[in-house]
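Here are some notes to read with the structure open beside you. They take a few residues one by one, then the salt bridges, then the chain as a whole.

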Amino acid sequence: MTTARTVRTRLAPSARRAQLLECALAAFAEHGVARATHSHVAERAGVSVPAVHSYFRTREDLVAAVLDEVEAYLLDIVSSSLGGPKAVPEALEALAVNFSRDATEKPDMIKVWLDWSTGVRADVWPRYMDVLDRLHGIAQRVLERGKREGIIPAALNVKAAARAYLGGGHTVALMQFSGAKPREFDAVIEHLVRAAMGVGFDTPIRPLR
């Protein structure tokens with residue numbers, strides 16, 4: 001009689017690294033950028049701590065890899081939401097709505113972003129400020145287009161408006177985590193869009209949502 005042997009499958013290095021990075025994102029979301037360790041990642045992945053070290057040699061390597069993911073996410077969501085042929089109000093609304101959606105669909109990513117954005121520490125803060133400058137630049141270009149199209153006042157300070165608008169993304173994400181109702185999101189998003197465009201509620205921009 002032949003006994004069937006169970007063959008243990010091994011993940012390819014690229015698949016293992018992707019798995020560990022996903023676990024790292026979850027660990028950083030739970031413990032914070034300043035406190036998450038290789039041990040937290042190993043526990044989530046069901047592997048040894050040395051196995052995690054073989055892909056992310058130092059804690060600095062681990063932090064950099066996680067922040068690479070968050071940076072890529074932020075640049076993608078802002079550029080894809082605000083880019084393309086969409087009308088300016090539609091583009092501004094889209095980004096706020098997408099941040100709200102991802103707080104539910106990608107909570108770990110959003111939590112790490114929120115933690116990173118408040119971690120005024122010498123090791124990770126300069127990198128975040130660099131990312132933020134790039135995000136502000138994307139938003140400023142949309143607002144400049146609104147000026148050219150005559151739907152945004154020429155006197156609007158687009159740099160200040162872009163900063164305030166993207167800061168509102170934090171509010172929208174936090175509202176999702178706190179269980180805010182859809183009508184509350186609608187009200188906040190309309191405020192964000194109108195404030196970014198420098199127009200009051202007596203000025204029609206188009207029906208929002």
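## Notes on the model

1. His 31 is a residue of helix 1. The model is a predicted one, and the values in these notes should be read with that in mind. Setting aside neighbours within four places in sequence, His 31 is in contact with Ala 36 and His 40. His 31 can also be compared with Asp 115: the two are 84 residues apart in sequence, while their C-alpha atoms are 9.8 Å apart in space.

2. Helix 1 covers residues 13-31, and helix 2 covers residues 38-45. Which side chains meet in a salt bridge at 2.4 Å, N to O? They are those of Arg 44 and Glu 30. Arg 44 belongs to helix 2 and Glu 30 to helix 1, so this pair, 14 residues apart, links distant parts of the chain. Arg 44 is partly exposed at 40% relative accessibility, whereas Glu 30 is exposed at 52%.

3. Next comes a residue of helix 5, which runs over residues 88-105: Ser 100. Is Ser 100 buried or exposed? Its relative accessible area is 10%, so Ser 100 counts as buried. Beyond its neighbours within four places in sequence, Ser 100 is in contact with Val 172, Gln 176 and Phe 185.

4. Thr 171 sits in helix 8, residues 158-177. Thr 171 is partly exposed, with 39% relative accessibility. What is the spacing between Thr 171 and Ala 96? In sequence they are 75 residues apart, and in space 9.5 Å, taken from C-alpha to C-alpha.

5. Helix 7 spans residues 125-148 and includes Trp 125. At 23% relative accessibility, Trp 125 is partly exposed. When neighbours within four places in sequence are left out, the contacts of Trp 125 are Trp 116, Ser 117, Thr 118, Gly 119 and Val 120.

6. How many salt bridges does a search of the whole structure find? The search finds eight. One of them joins Glu 149 and Arg 145, with the closest N and O atoms 3.1 Å apart. Glu 149 is partly exposed at 44% relative accessibility. Arg 145, by contrast, has a relative accessible area of 19% and is buried; this value falls under the 20% cut-off.

7. Glu 190 and Arg 194 form another salt bridge, and their closest N and O atoms are 2.9 Å apart. Why are Glu 190 and Arg 194 separated by about one helical turn? Because they are four residues apart in helix 9, residues 182-197. Glu 190 is partly exposed, with a relative accessible area of 24%, and Arg 194 is buried at 7%. Elsewhere, Asp 68, Glu 71, Arg 127 and Arg 134 belong to one network, joined by salt bridges that share partners.

8. Now the whole chain. What does the secondary structure of the protein chain come to? There are nine helices and zero strands. Read along the sequence, the pattern is α-α-α-α-α-α-α-α-α.

9. The protein chain has a radius of gyration of 21 Å, whereas a compact globule of 209 residues would have one near 17 Å. Along its principal axes, the C-alpha trace spans about 80 × 45 × 30 Å. Of the 209 residues in the chain, 43% are buried.

10. Consider contacts in the protein chain between residues at least 6 apart in sequence: 62% of them join residues at least 24 apart. The accessible surface of the chain comes to about 11,400 Å², and carbon and sulfur atoms account for 54% of that surface.

11. Last, the charges. The protein chain has 27 positive and 24 negative charges.

How values were computed:
Residues are numbered from 1 along each chain as its sequence is written. This is a predicted model: local features need pLDDT of at least 70, side-chain atom pairs count only at pLDDT 80 or more; totals for chains, interfaces and linings use all residues. Side-chain values use heavy atoms; hydrogens and water are left out. Helices (H or I, at least four residues) and strands (E, at least two) are DSSP runs, numbered from the N terminus. The radius of gyration is taken over C-alpha atoms; the globule rule is 2.2 Å times the number of residues to the power 0.38. Buried means under 20% relative accessible area, exposed over 50%, partly exposed in between (1.4 Å probe, protein chains only). Contact means heavy atoms within 4.5 Å. Accessible areas come from the Shrake-Rupley method with a 1.4 Å probe; for residues, only the protein chains shown count as cover. Lys and Arg count as positive and Asp and Glu as negative; His and the chain ends are not counted. The place of a charge is taken as NZ of Lys, CZ of Arg, CG of Asp or CD of Glu. A salt bridge is a side-chain nitrogen of Lys or Arg within 4 Å of a carboxyl oxygen of Asp or Glu.
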